[in-house]
Amino acid sequence: MWAHSMTVQDYQDLIDRGWRRSGRYVYKPVMNQTCCPQYTIRCRSLQFQPSKSHKKVLKKMLKFLAKGEISKGNCEDEPMEPSMEDAVAGDVALINKLDLQCDLKKLGDNLKESLEREVKKKGKSTKKEESNEFIQSQDKNEELGSGEPSHAVDVHTAPKPGKGADLSKPPCRKAKEIRKERKRLKLMQQSPAGGPEGFQAPREPKTKPNQPKSLEELIFESLPEDASHKLEVRLVPVSFEDPEFKSSLSQSFSLYVKYQMAIHQDPPEECGKTEFTGFLCTSPLEPENPPNGPDCGYGSFHQQYWLDGKIIAVGVIDILPYCVSSVYLYYDPDYSFLSLGVYSALREIAFTRQLHEKASQLSYYYMGFYIHSCPKMRYKGHYRPSDLLCPETYVWVPIEQCLPSLENSKYCRFNQDPEAADEGRSRDPDRLQVLYKKAILPYGVFKQQQREPGEEAAVLQYASLVGQACSERMLLFRN
């Protein structure tokens, strides 16, 4: 539907029924018919804890700002699958929790002895060969993290026979796998006291073990006075009457064109000023600034990332009564090495928490749609804890409970109660409000004046999709 004007509460209620907006165009997927069901996803920002890969992105930004260091690693903007570091961190945390230090010592002894045997056997050994020896222990390491009773671990495992396989040598491994295994071993070396001789003793943690750094501490860590770069995040209302929005519009538009052409391979004719304005600079949301709301008020905004006086990214967001809703992000492809997609999402989560301090009801970060059947879109599920919206009853269900069902079927009803129904469904369509010939009429009155074929079916469909509350508050235009 086309939204000429909409209150922030109406849009909040609509996105809680699976709707989203693109400019003034507001749409809802037909979930049980579409090829790729799109489930509304929200992150519980107050309980959010950054993962190992999230922390890595934040540290990368701090290093760049402080010293101008540019990471030579993977420059992908979104972590499409949980990283190896996250898996390792989970394993080590579980090992420590189960108090298996003695088994780690046994594992370490076996690793050390096997390496010494190999060095004596071959004389000189390259670093790659040493790494291959360590890799043999990977499957056994995972056993320790599984919660199963542990036992003595043998490091050497015979490779599976294959064409041309030399059983006297360890199997060939890719350099990437070797690097991952080194990470795993490094974490294990930093396990609690009692490790084998030759392993590093753990450093004293800066904070208590049970008190990891908060998201805000990681983002706003102090920089040296002689920092190489300065990053400033500005919140600008989407309004052509706002002087800051108007003065930065040309630079923002140029950045959008550069992003669309480089990242999405859009041709220049599809990246015009009209497309940009209609998509990202127009919003049906009416700005509101109630006394109990956030200082910036409610409505649509651009969050601009200024690096050394130049815009390098723009996050388009809606600030609503219960959430910050992410609409779109575009950034300078020259700064892809900073993982700006992940970085901006973390900043928006922190911003949601900041707004919550003034507006206590505002506590969620909506990330748009989660599409499980599209692997590239699964990264949204990595911001935990998060919930998916049941497409039939419109209740929120923790994503962990939804994933097993999604593995079996693209379309799922997440609410496990078979008796549960949509509490906000349209119960009395005659009370729906219609705007007709500059007059507001209840649909019950309007339908007596109209005999257009298909009119009633269209109105009833609208009522069922927006729900009873919105159908009574919003005005459905008829001509």
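User: Two strands pair if DSSP finds at least two bridges between them. With that settled, how many bridges join β9 to β10?

Analyst: This is a predicted model, where local features need pLDDT of at least 70, side-chain atom pairs count only at pLDDT 80 or more, and totals for chains, interfaces and linings use all residues. Residues are numbered from 1 along each chain as its sequence is written, and side-chain values use heavy atoms, with hydrogens and water left out. Strand β9 covers residues 386–389 and runs antiparallel to β10, with leucine 388 bridged to valine 397 of β10. The number of bridges joining β9 to β10 is 3.

User: Which strands stand at the edges of the 8-strand sheet?

Analyst: Helices (H or I, at least four residues) and strands (E, at least two) are DSSP runs, numbered from the N terminus. The sheet is open with mixed pairing, in the order β4-β5-β6-β7-β8-β3-β9-β10. Two of its strands have just a single partner each, so one side of each lacks a neighbour in the sheet: β4 (231–237) and β10 (396–398).

User: At what angle does α10 run to β7?

Analyst: Axes are lines fitted to C-alpha atoms (for helices, over the stretch in contact), and angles run from 0 to 180 degrees between N-to-C directions. Helix α10 lies across β5 (299–307), β6 (310–319) and β7 (323–331). Its angle to β7 is about 160°.

User: How are α9 and α10 oriented to each other?

Analyst: Helix α9 (residues 243–263) and helix α10 (residues 273–280) have axes that come within 11 Å and cross at roughly 100°. Contact here means heavy atoms within 4.5 Å, and Leu249, Ser252, Phe253 and Tyr256 of α9 meet Lys273, Phe276, Phe279 and Leu280 of α10. Angles under 35 degrees count as roughly parallel, over 145 as roughly antiparallel, 65 to 115 as roughly perpendicular and the rest as oblique. The α9 and α10 helices are therefore roughly perpendicular.

User: Which helix packs on the sheet that holds β11 and β13?

Analyst: That open sheet has 3 strands in the order β12-β11-β13, with mixed pairing. Strand β11 (residues 433–436) runs parallel to β13, joined by 3 bridges, and leucine 435 stands opposite phenylalanine 477 in β13. A helix of residues 455–473 touches β11 and β13, its direction making about 155° with that of β13. That helix is α14.

User: What share of the chain's 479 residues is buried?

Analyst: The chain has 14 helices and 13 strands. Buried means under 20% relative accessible area, exposed over 50%, and partly exposed in between (1.4 Å probe, protein chains only). Of the 479 residues, the buried share is 44%.
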